[in-house]
Amino acid sequence: MRPSDPWGRLKVLKNRHNGSYTWQVIAGSATLGLVVAAGAVLAAGPWDNGQRKAERALAVTADRTGGAHHGRPTPDGPRPAPSAPAVLPALGTTTHDAPRDAAVLRDTLAPLIGAPGLGDRVAASVIDTATGKQLYGTGATAPMTPASTIKIATTAAALSALGPDHRIATTVALSADARTLTLVGGGDPTLSKAALRSMAADAAKALREDGEDGEDSGEDAGPVRLTYDISRYTGPVLHPISPNDNIAPVTALMVNEGRLNDTDRGPAKRTDDPAGDAARAFAAQLRKAGVEVTGAPREAGPDDRARTVATHHSAPLAALVERTLTNSDNDIAEALARQTAIAKGESADFAGARRAVTNELKKLGVPVTGAHLADGSGLDRAGRVTPALLTTLLARAADPDRPGLRPVLTGLPIAGFSGTLGDRYGDGSEGTGLIRAKTGTLSRVNSLAGTVVDPRGRLLAFAFLASGSRSATEAEPALDALATALAHPAAE
């Protein structure tokens, strides 16, 4: 099967020996019998519950080979045969081999950590996630500007505070006199036009039922005013670097992250009024649903007696976390930081989010000394974390006793295949497909933090933070080389 990126493109595996794109099929001794059986199945029919009715009989009469994981065998069925092993080790899987020798790892990484492309200051931490033991460290407890690797902390805190199944709700409230609809923002930056259309249809139905004493007459609804509520978030809406194509104003109501095009990742021109734009788009959908909307939408909350007539829920938090990490999505990251603040009783602004995330990291037993989580996205250069903080968090996410944190690992971009690592680790790289890591890039700041299964089958967590680099084009290959060295054996 082709490895796919759920948030991006599909990439075909490349054969490194001849440079051609191929799919290899391994034929066994039962190939001819399987082909004959397959032909018979295609000729049989019809389909019944997703299976051809003749299939079971054909399986019994076919050559007695089969897989141990393809259902319970019958007395007349094929004998179980071992299933093929996984192509890649599962996240969190370790063997019983001894951990990697720390002295040898130091000798391997020492010349790479001094690469000129990394700039004038580099800090690093490599740990064995099963034991928590640090195998390599240089400045591991030194606070550094993390850039987007801080999203590991943001997402882990959100999962810890809210759980992977949490969904962000956007609602529509109808006033007691049925004259005003209020679009209430819950903080979902991924709210879509399709969601607005669905909520408008539900609101229109509620208005018709209200006008007919609970019976849906099918007639157009009466005229209403439209307001919108963004009070769920407080404080400044502009990030310190705003206005900027990398992030929209941080409000509790927006459609498609305030993007003015159809993209869903990367830089894009943003609206300076995402909440107002969302309300105007909702008004248009209401009109299409047969509701007469009078005047322009205005900002106001619902009255005390208003009832909810439409609700849209975001994707589960686990999916939002994965999207945040894979695409380095700044808007979702800031939303997750505020959702954490709300869940922990803090103010839903930059300061409250910083306190909530930091306190949640403390609950996870993560070393926060020297850390300053200036924002949730890493765009603020005032942010500081240590390499040890990041590797400890990755180890927590790999802990079998903390399954709720697992999206932190599954969302990490895969070298050469997905997200912000899709265009790194080029043809012939020994790290392609083996490194899972969050990238970080600001002017003269570059970072990489993630996981890799080493040659002994141990899951390692690593964090490399560099500052003072001349350019990303020099720093990124140097960071990639460090991660790749962890995946391959050295003389021990």
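I looked up strands E10 and E11 (residues 445-453) and found them paired in the antiparallel sense over 7 bridges. Strands here are DSSP runs of E, at least two residues, and helices are runs of H or I, at least four, numbered from the N terminus; two strands pair if DSSP finds at least two bridges between them. I checked Lys 438, and its bridge partner in E11 is Ala 449.

The model is predicted, so I note that local features need pLDDT of at least 70, side-chain atom pairs count only at pLDDT 80 or more, and totals for chains, interfaces and linings use all residues. Residues are numbered from 1 along each chain as its sequence is written, and side-chain values use heavy atoms, with hydrogens and water left out.

Next I traced the sheet. It is open, has 5 strands in the order E4-E3-E12-E11-E10, and its pairing is antiparallel. Strand E4 (134-138) and strand E10 (436-442) are at the edges with a single partner strand each, so one side of each has no neighbour in the sheet.

Then I turned to the largest nonpolar core, which has 44 residues. Such a core is a set of buried Ala, Val, Leu, Ile, Met, Phe, Trp, Tyr and Cys residues joined through side-chain atoms within 4.5 Å; buried means under 20% relative accessible area, with a 1.4 Å probe and protein chains only. Among the members that touch the most others are Ile 152, Leu 361 and Leu 389. Helix H10 (387-398) is one of the elements giving two or more residues, and H10 gives the most, with 7 residues. Apart from this core lies another, of 30 residues, including Tyr 228 and Leu 286.

Definitions and conventions:
Buried < 20%, exposed > 50% of the residue type's maximum accessible area, 1.4 Å probe, protein only.
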